[in-house]
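Please keep the sequence and the model open while reading.

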Amino acid sequence: MSNVTQDTAVRTSTFTRIFIYGLLILFAAYYLMPLFVMIVNSLKPLSEITSGNMMALPEVWTLEPWRQAWSKAQIGIEPTGLKPYFVNSLLIVIPAVFISTIIGAINGYVLTKWRFRGDTLIFGALLFSCFIPFQIVLIPMAIVLGKLGIAGSIPGLVLVHVVYGIGFTTLYYRNYYAVFPTELVRAAQIDGAGFFRIFWRIMLPISGPITVVSVIWQFTNVWNDFLFGASFAGQEQPMTVALNNLVQSSTGVKEYNVHFAGAILAALPTLLVYIVAGRYFVRGLMAGSVKG
Amino acid sequence: MSFLNIKNATKAYGDVEVLHKIDIAVEEGEFLVLVGPSGCGKSTLLNMIAGLEEISSGEISIKGKTMNGVHPSKRNIAMVFQSYALYPNMTVAKNITFGLEMHNVPKSECASALADVAKLLQIEPLLDRRPGQLSGGQRQRVAMGRALVRNPDVFLFDEPLSNLDAKLRVDMRTEIKRLHEKLKTTMVYVTHDQIEAMTLSTRIAVMFQGYVQQLGTPKQIYDTPSNLYVATFMGSPSMNLLPVDVVDGTDGSQFELKVGEQSTKTVELKGQRLPAGRYTLGLRPEHITDPESADLESCEYLTIESVVEVVEPAGADTFVTTKLQGISVNTRMRGDIEVVTGEVTEFSIDLRRLHFFDPKTELRVELEKVGG
């Protein structure tokens with residue numbers, strides 16, 4: 001009797017397994033379809049696309065669209081390609097991510113280990129900043145940037161992204177540090193370490209997982225930002241704005257293959273960050289959520 | 001002046017006072033245990049000695065120097081925490097020498113101090129590991145090593161054994177005691193476990209609701225508890241409390257003790273008296289025992305017959321519950337005794353070990369000698 005039931009159980013599980021995997025493969029294919037279309041079309045000459053073979057593999061394989069998108073395409077008035085804008089994006093993203101992560105870490109450290117009167121209020125206010133829609137702050141932000149004399153510049157955009165990022169990074173680090181006993185800081189105090197020494201020598205070295213989370217989150221958001229870039233960048237536009245200018249231009253022939261290549265170029269860095277640090281991302285999120 | 005002097009120390013958070021005018025003087029080499037239930041202020045007091053919490057009023061001094069406002073690292077103290085608080089990113093060796101490094105001690109001195117401590121605590125094979133790779137007992141040792149290496153004036157322990165399992169806790173307790181006997185350093189130890197307090201200390205401060213209820217040697221605390229709180233907190237199972245009406249007798253005071261449901265027995269306090277009135281009588285379980293275990297020769301036992309309610313064999317002892325004054329009382333008999341629930345058996349009460357408390361003030365009332 002037990003044999004029979006066991007047998008049935010095994011057979012059912014095999015069947016279910018096939019069903020589940022089939023479904024998963026189907027969905028994966030569905031989600032990967034756009035990427036497939038992008039990659040395939042970025043590797044063929046324009047004539048092949050306009051003749052209506054969007055889904056087919058290229059008959060003539062070419063990297064020319066990529067070269068075009070990177071260094072030759074007409075963006076705005078100059079035929080510079082996306083390269084200078086890619087550099088702009090890097091110049092914005094790297095300091096913005098670095099500064100907002102460090103400030104978030106210090107905030108989290110203070111809010112959990114050096115608690116003071118009204119700290120929950122401050123944390124609440126910081127959390128609140130996560131929920132403010134971008135559009136609302138555009139005009140006040142423009143005024144502030146103007147007053148500071150950094151309107152239309154890369155430092156201005158860095159400031160905007162840092163200010164917007166601090167809410168999230170503080171939340172991450174606060175929740176992460178809350179799990180570590182305050183006794184750790186007290187022990188270090190007795191050992192003779194001061195505020196910053198404890199931060200550098202003890203708190204930061206144990207912050208690996210949450211730093212990955214913070215960096216991925218900030219990198220993705222800042223890199224993908226379009227609104228702030230379009231509003232505040234002036235001449236030094238980030239990648240997203242340039243890509244829009246490339247794709248949306250209404251004069252001349254629409255070079256779909258170049259557009260596809262440009263779009264992939266714009267998405268590549270975030271993709272890379274996810275692939276390199278992705279598994280730490282989940283781990284870090286879990287670590288932070290053990291205790292609130 | 002004492003080595004560690006706590007004078008009138010008060011701690012208040014806003015309007016709420018959590019420690020009220022604490023006065024404790026600790027001599028050099030003493031092992032003082034602060035014991036009490038959670039929330040009694042014992043850890044706060046320890047943190048005030050460490051400098052991790054400010055003193056609202058009063059004074060704490062070490063070696064005659066006022067410590068109010070002095071940074072924890074400048075007090076020459078060391079502390080072992082309940083969670084061990086080992087730095088998770090550093091090796092055991094680094095954990096131990098971190099404090100020395102912060103105090104700019106030369107590398108060679110650090111190394112020799114580390115070697116000494118590692119040998120003393122037998123943690124030499126662990127020095128390259130990280131705290132995450134250690135067992136609870138090993139972490140405990142490393143935490144003690146970190147405290148020892150500083151060669152402090154005062155050691156502070158904040159419930160260091162609470163996170164260990166029962167067997168390891170007893171082993172580490174012995175080890176701490178041995179360490180104290182070897183080093184003769186002044187130690188202040190916080191615990192909620194009265195057995196730890198009794199076994200480790202040279203003196204105990206029993207704390208409750210922000211007051212020191214009694215300060216004394218373990219023997220003083222156990223044999224002459226100054227109030228009902230101390231009497232019931234120290235000792236396990238805890239002291240039995242019975243209401244009694246004391247009247248004047250022919251030779252000293254006496255009172256009636258109701259045994260079981262019907263019979264009563266007169267207890268005479270031969271040669272000793274109390275002002276007549278109602279008292280709370282305190283009787284420790286081990287002072288109500290079987291006649292064979294009692295030293296009847298001294299003739300200060302009262303033997304009664306009473307019905308056994310519950311029998312709890314505990315190996316070395318058997319705890320037997322019976323009824324006195326209509327209240328269930330715990331008694332302690334020898335381990336191999338054969339008593340049966342529901343049957344009558346003999347109990348001997350040690351009349352030299354009666355404790356009387358005023359039921360209103362809950363303070364201890366001492367017996368007076370008649371004609372003395």
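## The model and its numbering

This is a predicted model, in which local features need pLDDT of at least 70 and side-chain atom pairs count only at pLDDT 80 or more, while totals for chains, interfaces and linings use all residues. Residues are numbered from 1 along each chain as its sequence is written, and chains are lettered from A and ligands numbered from 1 in the order in which they are written.

Helices (H or I, at least four residues) and strands (E, at least two) are DSSP runs, numbered from the N terminus.

## Helices of chain A

Helix α10 of chain A covers residues 208–224. At 1.5 Å a residue, its 17 residues should span 24 Å, and its end C-alpha atoms are 24 Å apart, which agrees. The expected span is 1.5 Å times one less than the number of residues. Twelve of the 17 residues of α10(A) are buried, so the helix is largely enclosed by the rest of the structure. A residue is buried if 20 or more other C-beta atoms, placed from the backbone, lie within 10 Å of its own. Among the buried residues of α10(A) are A:I210, A:W217, A:F219 and A:W223.

In helix α3 of chain A (residues 64–72), the buried residues are A:P65, A:Q68 and A:A69. Seen down the axis of α3(A), they fall within an arc of 90°, so they line one face of the helix. The arc is that of the directions from the helix axis to the C-beta atoms. An α-helix has 3.6 residues a turn, so residues three or four places apart point the same way.

## Spans listed by UniProt

An unreviewed UniProt entry lists "transmembrane region" for stretches of chain A including residues 18–40 and 121–144. Such annotations may be inferred rather than shown by experiment, and the positions are given in the numbering used here. Residues 18–40 of chain A are 100% helix and 0% strand, with end C-alpha atoms 30 Å apart. For residues 121–144 of chain A, the figures are 79% helix, 0% strand and 25 Å.

## Where the chains meet

In this model, 13 residues of chain A are in contact with 17 residues of chain B; contact means C-beta atoms, placed from the backbone, within 7 Å. Helix α8 of chain A (residues 183–191) gives the largest share of chain A's side, seven residues. That side divides into eight nonpolar, two polar and three charged residues. Ala, Val, Leu, Ile, Met, Phe, Trp, Tyr, Cys and Pro count as nonpolar, Asp, Glu, Lys and Arg as charged, and the others, Gly among them, as polar.

## Two sheets of chain B

Five strands of chain B form an open, antiparallel sheet in the order β16-β20-β17-β18-β19. Two strands pair if DSSP finds at least two bridges between them. Strand β17(B) is joined to β20(B) by seven bridges and to β18(B) by five. B:V311 has B:V320 in β18(B) as its bridge partner. In the hairpin of β17(B) and β18(B), with three residues between the strands, B:G315 takes a positive phi near 85°.

Another open sheet has six strands in the order β13-β12-β11-β15-β21-β22 (chain B), again with antiparallel pairing. Strands β13(B) and β22(B) stand at the edges with a single partner strand each, so one side of each is left without a neighbour in the sheet. Two bridges join β21(B) to β22(B), and B:F357 stands opposite B:R364 in β22(B).

Key
Contact = placed C-beta atoms within 7 Å.
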